[in-house]
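Reader: I am new to this structure. Please take me through it in short steps.

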Amino acid sequence: MKKSILAAAILALGLNAASADVLKVGTHPTFAPFEYVDDNGKAIGFDIELIEAIAKTQGDTVEIVSMPFDGLIPALLTGQIDASITGMTITDERKKRVDFTEGYYVSSLSALIAAKDKESLTDVQKLKGQKICAQIGTTGAMFAEKLSPGNVVALNNQPDAMLELQNGGCVALINDRPVNLFYLQKANTDKIVELADKSLVENADVYGIAVQKGNSAMVEKLNKGLKAVKENGQYKELHKKYFGVEQ
């Protein structure tokens, strides 16, 4: 009898192990506080902890794969990764190539400018015809190109864009507001300020987790996990940890 119970327990453990997946999740860790690297080179941030929590509710684990932002969708298309979480805005253009989960974060755009220009650059329309810094592949870059065609200084990451702005290589830096504010605080300078234009804040972006087109099972699994972490309070805890307030 004991042997039968032991055998059943071992079989159950084996089945659980077999059903657990290691999800390869792509990210571009230069988008703090959503994803960035610590002093040891490990990817950390709101998105990283969120996807790990989501996977755990489904009995899965996560392997983070760092790569350039513009390489994430191609990596999904070729099956190199199972999903991507990297502050990626859900857009109609992207939905032609990949599928998305339900939105997990609502953000807005923001523009940073030199403090010396705040009297003349009073709204975003004043940036037309001006050089604007932005991170490659982001909605900030798309917005900047529409606003000032042919004048976008596209850079690989936010730190490079901040440096370019500080060095006078552009008159403004457009990116998602939480990211701009994080790096502005980190820069600890009074020479860079946020452009006071409410129209940018009103243009909200919704972030989603991207998966390979047609992979409805993965979308369903991640949506189920996202719902679970919102219901069990983990989402609120992570939001407070990285943004200072509960959502």
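Reader: Is H28 buried or exposed?
Author: This is a predicted model. Buried means under 20% relative accessible area. H28 has a relative accessible area of 11%, so H28 counts as buried.

Reader: Where in the chain does H28 lie?
Author: Strand β1 covers 22-27, and β2 covers 36-37. H28 sits in the loop between β1 and β2.

Reader: Which residues is H28 in contact with, leaving aside its neighbours within four places in sequence?
Author: The list includes E35, M67, P68, F69, L72 and T86. It also includes Q135, N156 and N157.

Reader: What domains does the domain assignment give?
Author: One of them is made of two stretches, 22-106 and 206-243, and is called domain 1. The other, 107-194, is domain 2.

Reader: How many residues of domain 2 are in contact with domain 1?
Author: The C-alpha centres of the two domains lie 25 Å apart. On the side of domain 1, 15 residues take part in the contact. On the side of domain 2, the number is 17.

Reader: Which residues of domain 1 lose the most area to domain 2?
Author: The area buried between the domains is about 1200 Å². Carbon and sulfur atoms give 61% of that area. Three residues together make up 36% of what the side of domain 1 buries: T30, F31 and A32.

Methods:
Residues numbered from 1 in each chain as written. Predicted model: local features only at pLDDT ≥ 70, side-chain atom pairs only at ≥ 80, totals over all residues. Heavy atoms only, no water. Domains from an automatic or database assignment. Contact = heavy atoms within 4.5 Å. Buried area = accessible area lost by both parts, 1.4 Å probe. Helix = DSSP H or I, 4+ residues; strand = E, 2+ residues; numbered from the N terminus. Buried < 20%, exposed > 50% of the residue type's maximum accessible area, 1.4 Å probe, protein only.
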